[in-house]
Amino acid sequence: MILKSIYIENFRNHKQRFFEFKDGINLVLGKNASGKTNLLEAIYFCICGKSFKARDVNLINFESDYFKLEASIFQNDFEYKVFCYVDRLSQKRIMINEKKVNKLSELIEKFKFVYFEPDSTELIKQDPKVRRRFLDMEVAKIYPHMIKTFQDYQKALMSRNAFLKSYDKKDIIDVYDVELSKLGYQIAKKREETIKKLSEATKQVWYEVFEDKSTIDLVYRPSIESSSQEEYYNQLKKQFEKDLNFGFTTKGVHRDDFDVLINQKSAKEYASEGQIKLACIAIYLASAKLFERSVLLLDDIFSELDDEKRKNVLGLCRDYQAIITSAEEKESLISAGLIKDDINLVQL
Ligand SMILES: Nc1ncnc2c1ncn2[C@@H]1O[C@H](COP(=O)(O)OP(=O)(O)O)[C@@H](O)[C@H]1O
Ligand SMILES: [Mg+2]
């Protein structure tokens, strides 16, 4: 997929702007608070139908009552025109080629992208919920039908938890155990496969881009270890008394996690800030390797990287369409040999 252009009207600090991008590397340069992250947020909105951090109305320019975005995205020689509109009365319209988008998952199924921001180191530092969300996005990109499985699991989990709290109805809980085991086992298998692929790709990036001698591994930590649906079911059943005491389901894929190991040691526990940042960049770039023709949105990826690593990151990005922001001066990037003729410069 290639993002050809985006027209932005009243989105955050951008009143009326039109940006064109090319395949390969696009470098967006601008001072602090000039709207670099806001531009990536606008692109993200067109691809996902929502922001990565804020409610829709907060994206409207302070002095306006609405925002409008129009993106032109090419995929397999076909042009998708994505139109987004949000106003202060919470009216929201998203259309692809003039056809209304009813579910945001329609967008995720269509457009593949990777978004990296400085906060992305939370992937290692934060609690398991952050990693599960990331992992499930990766799973959904490879297996779009899994989006429904995730939703069905959440519904079945909530129902089971409700029954655990209402003592008199606990005899019919088995219906939910069967359903949870079926969905949970499917999710666990897909997560396991995806982590394996992601781990291999991360290793490649780690050596190629960072030329790091240490090892990196991503290891899936399932809450229930099982090699069949039946085994998953039996383990869920074993927890029944405990679940009844707690009033919720204490084991299952909603409790899964994965570890990032550097030199076989947990990065969360032992790695330095710098190593954590490199590991996260490697994982996000690896995610791009897994999906052909993803668009890379890389916010402020250069900070804390030396010129050698910056060059290597750019080298990898040449195989994709990358939109990279930086607050550095153009002159200093030129003198470091980072800006070549094939880079499309966008000055904010
Ligand atoms: N809804 C909004 N309307 C107008 N300006 C906004 C809105 N939301 C944020 N801003 C402004 O956008 C600027 C930050 O833009 P940002 O994209 O984060 O900059 P950077 O180039 O540093 O990434 C700030 O000056 C902020 O006040
Ligand atoms: Mg920014």
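Mentor: Start with a definition: domain bounds come from an automatic or database domain assignment. Also, this is a predicted model, where local features need pLDDT of at least 70, side-chain atom pairs count only at pLDDT 80 or more, and totals for chains, interfaces and linings use all residues. Residues are numbered from 1 along each chain as its sequence is written, chains are lettered from A and ligands numbered from 1 in the order in which they are written, and side-chain values use heavy atoms, with hydrogens and water left out.

Trainee: OK. What is the protein divided into?
Mentor: Domain 1 covers 1-112 + 293-348, and domain 2 covers 120-291.

Trainee: How far apart do the C-alpha centres of the domains lie?
Mentor: The centres of domain 1 and domain 2 are 29 Å apart.

Trainee: And how many residues of each are in contact?
Mentor: 18 residues of domain 1 are in contact with 15 residues of domain 2. Contact means heavy atoms within 4.5 Å.

Trainee: Switching to salt bridges. How many are there?
Mentor: The count comes to 25 salt bridges. The rule is a side-chain nitrogen of Lys or Arg within 4 Å of a carboxyl oxygen of Asp or Glu.

Trainee: Give me one. Which side chain does Glu-41 meet?
Mentor: Glu-41 meets Arg-12 in a salt bridge, at 2.6 Å from N to O. Glu-41 lies in helix α1 (residues 36-48) and Arg-12 in the loop between β1 (2-11) and β2 (14-20), so the pair ties together parts that are 29 residues apart in sequence. Helices (H or I, at least four residues) and strands (E, at least two) are DSSP runs, numbered from the N terminus.

Trainee: Is Glu-41 buried or exposed?
Mentor: Glu-41 is buried, at a relative accessible area of 0%. Arg-12 is partly exposed, at 21%. The cut-offs: buried is under 20% relative accessible area, exposed is over 50%, and partly exposed is in between (1.4 Å probe, protein chains only).

Trainee: What about the phi of Arg-12?
Mentor: Phi is near 50 degrees there, a positive value in a residue other than glycine. Glu-98 also has a positive phi, of about 70 degrees, although it is not a glycine.

Trainee: Where is Glu-98, then?
Mentor: Glu-98 sits in the loop between β6 (92-96) and β7 (99-100). Glu-98 is exposed, with a relative accessible area of 75%.

Trainee: Back to salt bridges. What does Lys-15 meet?
Mentor: The side chain of Lys-15 meets that of Glu-63, at 2.7 Å from N to O. This pair links distant parts of the chain: Lys-15 is in strand β2, Glu-63 is in the loop between α1 and β4 (66-75), and they are 48 residues apart. Lys-15 is partly exposed at 42%, and Glu-63 is exposed at 67%.

Trainee: And Arg-221? Which side chain does it meet?
Mentor: Arg-221 meets Asp-259, at 2.9 Å from N to O. Arg-221 is in strand β9 (residues 216-221) and Asp-259 is in strand β10 (residues 257-262), so the pair ties together parts 38 residues apart in sequence. Arg-221 is partly exposed at 37%. Asp-259 is partly exposed too, at 23%.

Trainee: Which residues do shared partners join into one network?
Mentor: Arg-160, Asp-174, Asp-177, Lys-237 and Asp-243.

Trainee: New topic: helices. How is a packed pair described?
Mentor: By the angle between the two axes and the distance between the axes.

Trainee: So at what angle do α4 and α6 pack?
Mentor: Helix α4 (residues 128-142) and helix α6 (residues 173-210) pack at about 90 degrees, with their axes 10 Å apart. That makes α4 roughly perpendicular to α6. Angles under 35 degrees count as roughly parallel, over 145 as roughly antiparallel, 65 to 115 as roughly perpendicular and the rest as oblique. Axes are lines fitted to C-alpha atoms, for helices over the stretch in contact, and angles run from 0 to 180 degrees between N-to-C directions.
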